[in-house]
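Visitor: I'm new to this one, and I'd like to learn how to read it. Could you walk me through it?

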Amino acid sequence: MSELLSNLWMGFHVAANPFNILFCLLGALVGTLVGVLPGIGTVATIAMLLPITFGLPPVGALIMLAGIYYGAQYGGSTTSVLVNIPGEATSVITCLDGHQMARQGRAGPALSIAAIGSFFAGCVATVLVAALGAPLTSIALLFGPAEYFSLMVLGLIFAVVLAKGSVLKAVAMVVTGLLLSMVGSDLETGAGRMTFDMAELADGIGFANVAMGVFGFAEIVRNLELPAESRDIVQSKITGLMPTRQDLIDSAGAIARGTLLGSLVGILPGGGAVIASFAAYTFEKKIAKDPSRFGRGAIQGVAAPESANNAAAQTSFIPLLTLGIPPNAVMALMVGAMTIHGIVPGPQVMTKQPELFWGMIASMWLGNLMLVVINLPLVGVWVSLLRVPYRLLYPSIIVFCCIGIYSINNSPTDVVIAAIFGIIGYWLVKHDFEPAPMLLGFVLGPLMEENLRRAMLIARGDATVFFTRPISAVLLSTAIILLVIAGLPKIRRRRDEVFVE
Amino acid sequence: MSDGVSPSPQGTRPGFSINTHNLIGGLIVAVLALFFLGWAFYVPNTLIPRFLAAALVVVGIAAAIGVLPVHGPRDLYGGVALVMLATVALIASADLPGQRGFAFGPGTAPRLFSFVLAAIGAAVALGGVFAEGPPIEKYRIRGPFFVIIAILAFAVMIRPLGLVPATFLAFMVSILGSTEMRWIESLIAAVGMTLFCVLLFVYLLNLPFQLWPRF
């Protein structure tokens, strides 16, 4: 316990460094901005800003990128409540009750409850990340290559089961990602694999190019297809930000439950903020005395999902920081960011770079505090941003992405590759394929292959090693059971219902 | 959105029922697969990909002339594309040495995952043959076309012309992708964005960009 406190103290020391505070604030601001603006997702933004973080010190860069992720959870709720368009996928569900509250003239309390809930969830999740970090890391140190391989399989299966749409297609996307990650030089022999003798492919397909193409460019093309929506911003002035006593009493339970559920879902590989908010809302509606109030401005319907998405956004750092395995697409990008700075994500981060590990955790708490301050008084500023039309926004995003990709290697080919992945991403969506599992597979590919090869070599070519080593066997059988359960017709139907809702 | 989804009678009954969607889709599959088949004959050790490519040619033609019922076009063509990707990967990694003793060679994992992908792709495609699914949403031309052209234009211009013209011109090309664009407003925004990017990337982040064309 005292060790935990001293570690946290060190973390705050790092986070309170003026530069790091600045990066944290910057991340929180950018996060809120993209959260507020519909049509720009967190994944795309982090991909876009990856090149910019090159010049920064690693701690500052990661603090900023983390700030964008949880900042977007705050910002997304603002748009949901005031405009009835989700600013982020994670606040889709907040539209239901949040906007109804706004129509009843209670936009202020809705926003402040969302912020208070998020802040509470952020605090709890920060402590959770700090507390779970050390024990999970020590478990991870027991892992050999076979266990690592099985763990990654389990993580990918989780991602598949929790993705929306067909399980089979999600598995297909994961394998596609794995295959794409093998383009380039072989890890051991250095032989060029599937490079078609192109020098540009010798180093493999750049991770940022794939992410920006599939999430950035494809998303823009997709948005252009949608008819220009008429945004009916609640014009009335937001009066009285403070919630009443009754509001606080009503939402206290929902915030606590949302935080708990969100934290759990966030830790699961494949989980993440989107699923957390849906789960929390559904749960709240299930246990409510009068479920019919939901959808008509129930404050619990805002409090629970908003707490949950923020909690999940933060706890999803746990598998990344302790096991080195990204549980969702945003964390996959964080892996990219860490690798750029020469940090290999995994258990060794905590022992070798304690400043980074604890500094990042402490900055999460500071960031959450900043977000409450940024969001509530400045709500008017954020809302006015919504008046920027998309027809001017998307060209800006495109040129920004282009410059960003080019600046990574000063290579025009990279820009062309990203454009190709933009087309691929557009095609994938048309055929009901989810791009997120592909990105996860792409990031985990090299790690998985390395561990697979090592495990097989150590076991002298005996493939049963994955089932004879106990930890590995448990992980793999969990993965298989999950996959079977998700494939059962009854569960499948329920799963579809959840996602439709 | 409603105009994007064109109601089509595809896949309602088996037998020779040619409809334009499957004719186009099937022909694209057949032509691409034929190309890969030809390519595979120039590469040694490609028996399996040759077989896969040949199978895809048959599937493509069958879908085009309506012999193969297409109940779920999204799944069928999606699955077929995955098998095709696996085929390409198999051809491309055919020259890599495989397993030697206990050790994986560089070609082992790519081939392993290609086989898995081909199997899953085939399963997805089979689902498209038997299970009813929604038609493929219409592809729009304008948005994707101008966005991609803008990105490619940037890639082509950045080296010879420098950052300022490349950014400005890419911005101006990409605005054509939207039907709501207005010239004057866009010009102002393009100038503003170019200025912002120059300030951010060149002056704040100190990245080595060449700003103007060099003569």
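Predicted model: local features only at pLDDT ≥ 70, side-chain atom pairs only at ≥ 80, totals over all residues.

Visitor: Then let's begin with confidence. What does the model score for ipTM and pTM?

Guide: The ipTM is 0.86 and the pTM is 0.81.

Visitor: Where in chain B is the pLDDT below 50?

Guide: Look at residues 1–15 of chain B, where the pLDDT is below 50. That stretch still has 22 contacts in the model beyond near neighbours in sequence.

Visitor: Okay, domains next. Which domains does the assignment give for chain B?

Guide: Domain 1 covers 2–130 and domain 2 covers 142–204 of chain B, according to the domain assignment. Taken over C-alpha atoms, the centres of these two domains are 37 Å apart.

Visitor: Now the place where the chains meet. How many residues does the contact take from each chain?

Guide: Chain B brings 55 residues and chain A brings 51 residues. On the chain B side, the elements giving two or more residues are α3 (73–92), α4 (108–130), α5 (142–161), α6 (163–174) and α7 (183–204) of chain B. The biggest giver there is α5(B), with 11 residues. By class, the side of chain B that touches chain A has 39 nonpolar, 11 polar and 5 charged residues.

Visitor: So how does α5(B) lie against a helix of chain A?

Guide: For any helix pair, look at the distance between the axes and the angle between them. Here, helix α19 (residues 412–430) of chain A and α5(B) have axes that come within 8 Å and cross at roughly 170°. An angle over 145 degrees counts as roughly antiparallel, so α19(A) and α5(B) are roughly antiparallel to each other.

Visitor: Which residues make that contact of α19(A) and α5(B)?

Guide: From α19(A), they include Val415(A), Val416(A), Ile423(A) and Tyr426(A). From α5(B), you'll find Ile148(B), Ile151(B), Leu152(B) and Phe154(B) among them. The contact of α19(A) with α5(B) counts 13 nonpolar, 1 polar and 1 charged residues.

Visitor: Let's stay inside chain A for a moment. At what angle do α10(A) and α11(A) pack?

Guide: Helix α10 (residues 245–267) of chain A and helix α11 (residues 273–287) of chain A pack at about 140°, and their axes are 9 Å apart. The two are therefore oblique to each other. Their crossing is right-handed. Among the residues in contact are Ala254(A), Gly258(A) and Leu261(A) of α10(A), along with Ala276(A), Ala280(A) and Phe283(A) of α11(A). By class, this contact of α10(A) with α11(A) has 8 nonpolar, 3 polar and 2 charged residues.

Visitor: And α5(A) with α12(A): is their crossing left-handed or right-handed?

Guide: That crossing is left-handed. Helix α5 (residues 94–103) of chain A and helix α12 (residues 300–315) of chain A have axes that come within 8 Å and cross at roughly 135°, which makes α5(A) oblique to α12(A). Their contact includes Leu96(A) and Met101(A) of α5(A), plus Val302(A) and Pro305(A) of α12(A). It divides into 4 nonpolar, 3 polar and 2 charged residues.

Technical notes. Residues numbered from 1 in each chain as written. Chains lettered and ligands numbered in written order. Contact = placed C-beta atoms within 7 Å. Helix = DSSP H or I, 4+ residues; strand = E, 2+ residues; numbered from the N terminus. Nonpolar A, V, L, I, M, F, W, Y, C, P; charged D, E, K, R; others polar. Axes fitted to C-alpha atoms, helices over the stretch in contact; angles between N-to-C directions. Parallel < 35°, antiparallel > 145°, perpendicular 65-115°, else oblique. Left-handed = near helix turned anticlockwise from the far one by under 90°. pLDDT = per-residue confidence, 0-100. Domains from an automatic or database assignment.
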